[in-house]
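Hi everyone, thanks for coming. Let's take a look at this one together, and please bring up the model on your screens.

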Amino acid sequence: PVIYRNRFSRTATLMDNYEFLDRSFDPVAFIKTPRVIVRLIAVVFSVIVFGCVADGVDTGYDIECLYANGDNRVCNYAVAIGVIAFLAGLIFLTADGFYNLFGESFKRISTTADAFFSSFWSFMWFVGFCYVTDRWRYTHNGNFSSKLRNNAQAVIAFSFLSVIAWIVLSVLAFKRMRLLNSGASSGGHSQPPSQPGRQQAY
C-alpha cells in the first residue's frame with residue numbers, strides 16, 4: 001500500500017506540474033508585453049540591417065561593399081552585429097516565453113544575461129552606427145542606383161534605431177533584475193504565488 005501511495009503521489013505531482021505548464025503561458029498576453037514587442041522590433045531591425053548590406057552588393061561596380069568604395073570591414077561589421085543581434089533576440093525571446101515556467105535560478109540567469117548583453121549590444125550598435133555613417137561620408141555614390149543608396153542609408157537609419165531598441169531592452173532587463181532582487185529580499189517571491197499564470201508585463 002505504501003508503494004502504491006507513493007506512486008499515486010508522484011503521478012499526482014506530475015499532473016499538477018503539467019496543469020501548471022498548460023495554464024501558465026498565455027500567448028496573447030506574452031505578445032502584448034512591452035519586452036516582447038521591443039525585442040521583436042529589435043529582431044526586425046537587425047534583419048533589415050544585414051539584409052540591406054547583403055542586398056547592396058553590386059558586381060556591376062566591381063566592389064564588394066558600398067561604403068568607402070569597397071571597405072569590406074564596414075560591411076562585415078554591420079553583418080556581424082546584425083546576425084548576432086538576430087540570433088540573440090530569438091534566444092532571449094524563447095527565454096522570455098519560458099520565464100514563468102521555471103524557478104528563480106533560471107530567472108536570475110536569463111535576466112542577468114539579458115541585462116548585460118542588451119547593454120553591451122546597444123554599445124556595439126552605436127559603434128556600428130558611427131562607423132557606417134563615417135564611412136558613408138567617404139563614399140562616392142554618384143554612380144549608384146537609387147536602390148543601392150537607399151540600402152546604404154537604411155543601414156545607417158536602422159543601426160541608430162537598433163541602439164534605441166537595445167537600450168530599452170537593457171532598461172527593462174535591469175528593472176526585472178531589481179524586482180527579482182527585491183522579491184528575494186522580501187521572501188523569495190517575485191510575484192504572488194497565488195497567481196502562477198499571470199504574465200509579467202515588463
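Let me start with a term: a nonpolar core is a set of buried Ala, Val, Leu, Ile, Met, Phe, Trp, Tyr and Cys residues joined through side-chain atoms within 4.5 Å. Buried, in turn, means under 20% relative accessible area, with a 1.4 Å probe and protein chains only.

A word on the source: this is a predicted model, where local features need pLDDT of at least 70, side-chain atom pairs count only at pLDDT 80 or more, and totals for chains, interfaces and linings use all residues. Residues are numbered from 1 along each chain as its sequence is written, and side-chain values use heavy atoms, leaving out hydrogens and water.

So, the core. The largest one has 32 residues, and Tyr67, Ile81, Trp121, Trp125, Val132, Val155 and Trp166 have the most contacts inside it. Helices (DSSP runs of H or I, at least four residues, numbered from the N terminus) H3, H4, H5 and H6 each supply at least two of its residues. H6 gives the largest share, nine residues.

What is Val132 in contact with (heavy atoms within 4.5 Å), leaving aside its neighbours within four places in sequence? The partners are Tyr67, Val74, Val155 and Ile156.

Now find H3, residues 34–55. Its buried residues include Arg35, Phe45 and Cys52.

Finally, H3 and H4: their axes, lines fitted to C-alpha atoms over the stretch in contact, come within 8 Å and cross at roughly 155°. The two helices are therefore roughly antiparallel, the word for angles over 145 degrees. Val43 and Phe50 of H3 are among the residues making the contact, as are Ala78 and Phe86 of H4.

Notes. Expected span 1.5 Å × (residues − 1). Buried < 20%, exposed > 50% of the residue type's maximum accessible area, 1.4 Å probe, protein only. Contact = heavy atoms within 4.5 Å. Axes fitted to C-alpha atoms, helices over the stretch in contact; angles between N-to-C directions. Parallel < 35°, antiparallel > 145°, perpendicular 65-115°, else oblique.
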